[in-house]
Amino acid sequence: MKKYLNLRLITLLHCALVLTVCLFPACKKHQDKIATATDDNGIPFSIIERLKKDGYSINGIIAYKDGYIVEGDIILSKADLTNTSPRMAQRGEERKMANNLLFVEKIAQYRTTNLVSGFTPTNPRTITVSLASGFPTAYSTALDAALARYNTVGLGLNFVTTSGTADIAITINNSLPSGVYGGSNGFPSATGDPNHSIEVNVSYIGNNPNMGFLTTFFAHEIGHCIGFRHTDYFDRSFSNCQYASQLYNGYDEQSGTVGAIHIPGTPTAGDPGSWMLACSGQTTDRPFNANDITALKALYPRTYTNVEKSKIFLRDNCSGGYAGTAVTYTVAANTYTSAIDQADADQKALNDINANGQAYANANGTCVLASTFTFGRVDYPAPPGVSVSGMNPVTVQFLQNSAVVRKVTIPLTGNISEAITPGTYNLKFIIPSVSYPVYFYVRSTNAPYNIEYWYRLSNTNTYTTPTLTFSGGSTIGIDLTNDAL
């Protein structure tokens with residue numbers, strides 16, 4: 001990523017004078033001079049031609065140490081510009097494909113020929129990123145935010161920081177030219193690894209830069225490391241880069257051997273908010289927009305699968321006097337997938353349960369002689385000034401292994417009878433509002449004094465009984481009152 005800069009390139013006028021066949025003895029000396037000729041900035045024409053071939057912009061090339069800075073934020077060594085460089089080498093078919101890729105789109109998301117490999121949609125690859133010692137605190141915060149932007153999308157790559165050896169190492173390089181924020185050392189290797197290095201000009205950016213800018217800077221350079229070209233690949237003016245229009249092709253790049261492949265599903269019209277636009281100011285913040293996310297997911301798709309989900313259902317189509325047994329409906333892990341997130345995959349499993357669980361229980365459960373429960377209130381006087389009718393209905397949940405298998409609402413007046421499957425339960429009483437102590441009784445006959453279990457509910461809205469066992473054919477009463485019997 002680079003600052004807005006005015007850079008120039010001298011047109012290669014005398015190159016057209018070189019003849020294919022030497023007719024005079026001085027020809028070889030002339031060719032030697034051409035091979036070592038440079039432009040006004042000291043960039044050898046042979047390097048310029050190689051950069052053009054590899055698909056880099058030939059405008060604004062900066063000679064730096066043993067290599068060059070191109071496009072404002074790609075730092076290449078001389079070895080990187082040779083066919084023997086392991087990082088830049090292309091297999092024959094890849095080189096042929098890259099050379100044949102020429103698009104007419106002006107603004108879109110583009111990728112390089114090589115991408116990061118070693119992942120599957122259901123098994124993401126972890127990419128480790130390190131920040132060298134000496135960075136101001138703001139840089140660590142911004143890097144964490146940049147990695148979070150990637151991880152929130154949900155990709156086949158998962159980014160984590162490390163203090164050890166990293167796939168992408170970020171270092172301080174304050175000797176970079178003024179006007180250069182920093183840059184990556186290129187794109188992914190032919191073996192499927194991310195580019196290994198990002199250099200940062202802290203002395204130029206400062207110790208406390210705008211956090212949105214710094215987060216975008218890190219996300220942008222990591223984008224190069226995993227194979228993203230500049231979004232304004234064909235038209236650098238779109239990101240407000242200043243350039244001299246009379247120069248050849250402005251700041252535009254080429255596809256070359258590195259590759260500039262349009263990513264399907266991304267626009268071919270302008271996309272002014274993309275995080276991979278080439279130029280920015282020091283207050284520019286570009287979170288991933290919808291097109292960026294489409295591009296990221298196209299290159300590094302992630303598929304989420306549901307975890308196991310289950311729910312207990314009671315068969316509910318038995319004839320009078322009988323009750324259905326409990327049946328567990330289970331959706332196995334990895335039954336449903338989602339390209340959105342884990343919650344979406346799990347929700348698909350829950351949707352299956354809700355749609356099919358009861359029918360499954362009715363088909364696979366059995367009918368047994370029921371225990372008949374009578375639910376009601378015993379009419380004892382309420383305390384002075386308290387209206388029993390003003391209380392909310394009370395819910396009783398029948399629990400087995402903490403799961404709710406049956407739920408009954410006790411009416412405010414009168415009583416109801418329910419056929420319940422015999423078995424062992426914990427009963428959970430839920431009273432929405434308690435204005436005075438409430439007693440509940442579990443009795444085996446209609447005689448109110450033949451009590452099997454009772455509890456005084458006060459200053460709380462819920463209570464769960466110990467384990468109670470109910471046998472088939474028995475009649476059980478559950479009563480609520482405001483007074484002890």
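Two strands pair if DSSP finds at least two bridges between them, and the strands (E, at least two residues) and helices (H or I, at least four) are themselves DSSP runs, numbered from the N terminus. The model in these views is a predicted one, so local features are described only at pLDDT of at least 70 and side-chain atom pairs only at pLDDT 80 or more, while totals for chains, interfaces and linings use all residues. Residues are numbered from 1 along each chain as its sequence is written, and side-chain values use heavy atoms, with hydrogens and water left out.

**Figure 1. The whole protein, before we zoom in.** The protein has eight helices and 26 strands. Of its 485 residues, 47% count as buried; buried means under 20% relative accessible area, exposed over 50% and partly exposed in between, with a 1.4 Å probe and protein chains only. The accessible surface comes to about 22300 Å², and carbon and sulfur atoms supply 52% of that (Shrake-Rupley method, 1.4 Å probe; for residues, only the protein chains shown count as cover). If you look at contacts (heavy atoms within 4.5 Å) between residues at least 6 apart in sequence, 75% of them join residues at least 24 apart.

**Figure 2. Strands β2 and β3 in an antiparallel pairing.** Strand β2 (residues 67-70) and strand β3 pair over four bridges. Across this pairing, Y68 stands opposite L76 in β3. Follow β3 (residues 74-77) and you will find I74 and L76 pointing one way, with I75 and S77 pointing the other way. All four of these β3 residues are buried.

Figure 3. Leaving aside neighbours within four places in sequence, the partners in contact with F228 include Y110, F187, I263, W275, M276, L296 and Y300. As background, nonpolar side chains in soluble globular proteins tend to be buried together.

**Figure 4. Aromatic rings around Y181 and Y204.** Rings of Phe, Tyr and Trp (its six-membered ring) pair if their centres lie within 6.5 Å; planes under 30 degrees apart are stacked, over 60 edge-to-face and the rest tilted. By this rule the count comes to 14 aromatic pairs. One of them joins Y181 and Y204 in a tilted arrangement, 5.7 Å centre to centre and with 35° between the planes. The pair links distant parts of the chain, 23 residues apart: Y181 sits in the loop between β7 (168-172) and β8, and Y204 in helix α5 (residues 202-205). Y181 and Y204 are both buried. Ring pairs also bring F135, Y139, F213, F217 and F218 into a cluster with these two tyrosines.

Figure 5. Where does its side chain find polar atoms? A polar atom of the N195 side chain lies 3.0 Å from the backbone oxygen of N185, and the backbone nitrogen of S197 lies 3.2 Å from a polar atom of the N195 side chain.

**Figure 6. T231 and S274 meeting through their side chains.** T231 lies in the loop between α6 and β10 (261-262) and is buried, with a relative accessible area of 1%. A polar contact of 2.7 Å joins the side chains of T231 and S274 (N or O atoms within 3.5 Å; within protein, one able to donate a hydrogen and the other to accept it, and residues adjacent in sequence counting only if both atoms are side-chain atoms). The C-alpha atoms of T231 and S274 are separated by 6.8 Å, although the residues are 43 apart along the chain.

**Figure 7. Positive phi at N334 and S402.** Most residues other than glycine have a negative phi. Phi of N334, however, is near 70°, and phi of S402 is near 70° too. N334 is in the loop between β14 (326-331) and β15 (337-338) and is exposed, at 53% relative accessible area. S402 is in the loop between β18 (394-400) and β19 (403-410), and counts as exposed at 68% relative accessibility.
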